[in-house]
Amino acid sequence: MDWTLEVIVLPVTDLDRARDFYRDKVGFHVDIDAEVMPGARVVQLTPPGSGCSIALTDGLPSPTGTPRPGSYHGLQLCVTDIDAAYAELVGRGVEVSEPQRYSPDDGATFLYFTDPDGNGWAVQEYRRRRTEPLHRVLAALAARNADGPGDTVG
């Protein structure tokens with residue numbers, strides 16, 4: 001059985017403000033913006049090229065409790081060109097850190113920003129994805145490991 005991570009419910013105080021930020025400033029696509037049952041609204045947004053979305057909700061019951069807006073940190077996006085990502089975010093008006101190059105290795109450069117509620121995001125440069133998109137790497141890994149123990153993603 002496949003277990004895919006497809007949606008992360010992100011706690012925010014104002015759905016419209018958060019939707020506008022993620023759509024207009026960060027560039028996510030709005031997939032859903034609807035009342036899904038009486039008194040419950042869901043705004044689902046997906047980063048371009050991603051298989052995982054964020055969901056902003058209001059009025060949905062949660063049997064595990066509702067996280068405090070601004071309490072999520074460590075959400076991470078991956079890009080193939082950190083300088084282009086930085087320029088795009090700055091050009092859209094996002095307050096973002098300068099790229100932090102921790103080493104010359106691929107995957108070791110990050111920048112950071114927060115949403116209007118303070119939820120924290122990292123953007124990681126992974127240049128290898130230009131020629132090896134993650135979905136292809138994972139499909140090859142799954143095929144290679146169909147009969148054996150797991151391996152790491154490269």
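1. Let's start with helix 1, where the buried residues are Leu15, Ala18, Arg19, Phe21, Tyr22 and Val26. Looking down the axis of helix 1, you'll find these buried residues within an arc of 160°, so they line one face of the helix. Keep in mind that this is a predicted model.

2. Why would residues a few places apart share a face? An α-helix has 3.6 residues a turn, so residues three or four places apart point the same way.

3. What do the buried residues of helix 1 pack against? Their partners are strand 2 (29-37), strand 3 (40-46), strand 4, helix 2, strand 7 (109-114) and strand 8.

4. The length of helix 1 (residues 15-26) checks out too: its 12 residues should span 16 Å at 1.5 Å a residue, and the end C-alpha atoms sit 15 Å apart, which agrees.

5. The largest pocket has a volume of about 1000 Å³, and 33 residues line it, with Pro47, Pro48, Ser50, Leu77 and Cys78 nearest its centre. Strand 4 (53-58), strand 5 (75-79), helix 2 (82-91), strand 8 (120-125) and helix 3 (134-144) each give two or more residues to that lining. Strand 5 gives the most, five residues. By class, the lining of the largest pocket has 22 nonpolar, eight polar and three charged residues.

6. The second largest pocket holds about 320 Å³ of space. It is lined by 17 residues, and the closest to its centre are Val9, Thr57, Leu60, Thr66 and Pro67. Sorted by class, the lining of the second largest pocket comes to 10 nonpolar, six polar and one charged.

Definitions and conventions
Residues numbered from 1 in each chain as written. Predicted model: local features only at pLDDT ≥ 70, side-chain atom pairs only at ≥ 80, totals over all residues. Heavy atoms only, no water. 1 Å grid on protein atoms, 1.4 Å probe; cavity = no way out; pocket = protein on both sides within 12 Å on 5 of 7 lines; lining within 4 Å. Points joined across faces, edges and corners; volume = space filled by probe spheres on them. Helix = DSSP H or I, 4+ residues; strand = E, 2+ residues; numbered from the N terminus. Nonpolar A, V, L, I, M, F, W, Y, C, P; charged D, E, K, R; others polar. Expected span 1.5 Å × (residues − 1). Buried < 20%, exposed > 50% of the residue type's maximum accessible area, 1.4 Å probe, protein only. Arc of directions from axis to C-beta. Contact = heavy atoms within 4.5 Å.
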